[in-house]
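Dear colleague,

Please find the structure below, together with its sequence.

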Amino acid sequence: MNAIIVDDELNVRNAIKALLTGHFPDVNIISSAGTIQAGYEAITNHKPDLLFLDIELPDGTGFDLLRRVSPVTFKVIFITGHQEYALDAIKVSALDYILKPIDADELSRAINKAQEVINHDEQLLKMQALNENLQSKKVLKRIILHTAEHLQLVSVSDIIRAEADSNYTRFWLSGGQRIMVSRTIKEFAALLSGSGLIRVHQSHLVNITFVDKYVKKGGGHLLLKNGTAIPVSPNLKKQVLKALTNHLYD
């Protein structure tokens, strides 16, 4: 597996190389760079299988580099000292995310994950989602929903609503399909932030484009275009009404 490291800290690049040499001799570091421009040239010239990518670089961010080389055909492991970038890494379907200072065990797990990717279909879906999400920058366009039976690439605009079911989340899609996913609704609320789905209740996310009206009686609830009534939490009422109002002018 051929790999490239893009990180502006020489000691980090050297640490990764040392760890890989000692534990993963079959991972070949074919190039390294400290800027977006140098990273772009390395990727274009060498066509890596795996990219270790810092997020904050002198001439921009790792996300800028990925947009520049799009479509992305390699696996990406983000390496950064900033926890707040974790959600953005998830949004672009990164293979993994490692915080500095680099822990040898975490790096090993990330490499093992890269080497042990078995389901080729999953990787094709991730690459498709990655490329589409990079084009949209801040707004997530498509996500992969993992069910017990399969992986499904879903357009966010097709999601009517999502509802918590213990540690699972159930999705209702515009085509009538229902999908159960083994992730919490809290995770999806963060992941889908800014993409049209809003948290209206501890257990509910709603796509604002499918809302027909806000009903005041009974504590307040949303009536969707398909006739479904969704409760609105009192502490979320203000921001839900604001989102509805803003949607009128989008």
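Two strands are taken to pair if DSSP finds at least two bridges between them. Strands (E, at least two residues) and helices (H or I, at least four) are DSSP runs, numbered from the N terminus. This is a predicted model, in which local features need pLDDT of at least 70 and side-chain atom pairs count only at pLDDT 80 or more, while totals for chains, interfaces and linings use all residues. Residues are numbered from 1 along each chain as its sequence is written, and side-chain values use heavy atoms, with hydrogens and water left out.

On confidence, the mean pLDDT (the predictor's confidence in each residue, from 0 to 100) of the protein is 84, and 85% of its residues reach 70 or more. Strand β14 (residues 204–207) has the highest confidence, at 96, whereas helix α4 (residues 86–91) has the lowest, at a mean of 60. Where pLDDT is low, the predicted coordinates should not be read in detail.

The sheet is an open one of five strands in the order β2-β1-β3-β6-β7, with parallel pairing. Its edge strands, β2 (28–33) and β7 (96–99), each pair on one side only. From one strand to the next, the twist averages 20°. Within this sheet, β3 (residues 50–54) and β6 (residues 75–80) run parallel and are joined by five bridges; Leu50 stands opposite Lys75 in β6.

Two helices lie across strands of the sheet. Helix α3 lies across β1 (2–6), β3 and β6, running at about 140° to β3. Helix α5 (residues 104–115) lies across β3, β6 and β7, at about 165° to β7. Such angles run from 0 to 180 degrees between N-to-C directions, and axes are lines fitted to C-alpha atoms, for helices over the stretch in contact. Contact means heavy atoms within 4.5 Å.

Helix α3 (residues 62–69) also packs against helix α2 (residues 36–46), at an angle of about 40° and with the axes 10 Å apart. To this contact α2 brings Ile36, Gln37, Gly39, Tyr40 and Ile43, and α3 brings Asp64, Leu65, Arg68 and Val69. These residues divide into five nonpolar, two polar and two charged.

Finally, Lys238 is found in helix α8 (residues 237–248). Lys238 is exposed (over 50% relative accessible area, with a 1.4 Å probe and protein chains only), because its relative accessible area is 73%. Lys238 and Val200 are 38 residues apart in sequence and 10.0 Å apart in space, C-alpha to C-alpha.

With kind regards

Note on methods:
Buried means under 20% relative accessible area, exposed over 50%, partly exposed in between (1.4 Å probe, protein chains only). Ala, Val, Leu, Ile, Met, Phe, Trp, Tyr, Cys and Pro count as nonpolar, Asp, Glu, Lys and Arg as charged, and the others, Gly among them, as polar.
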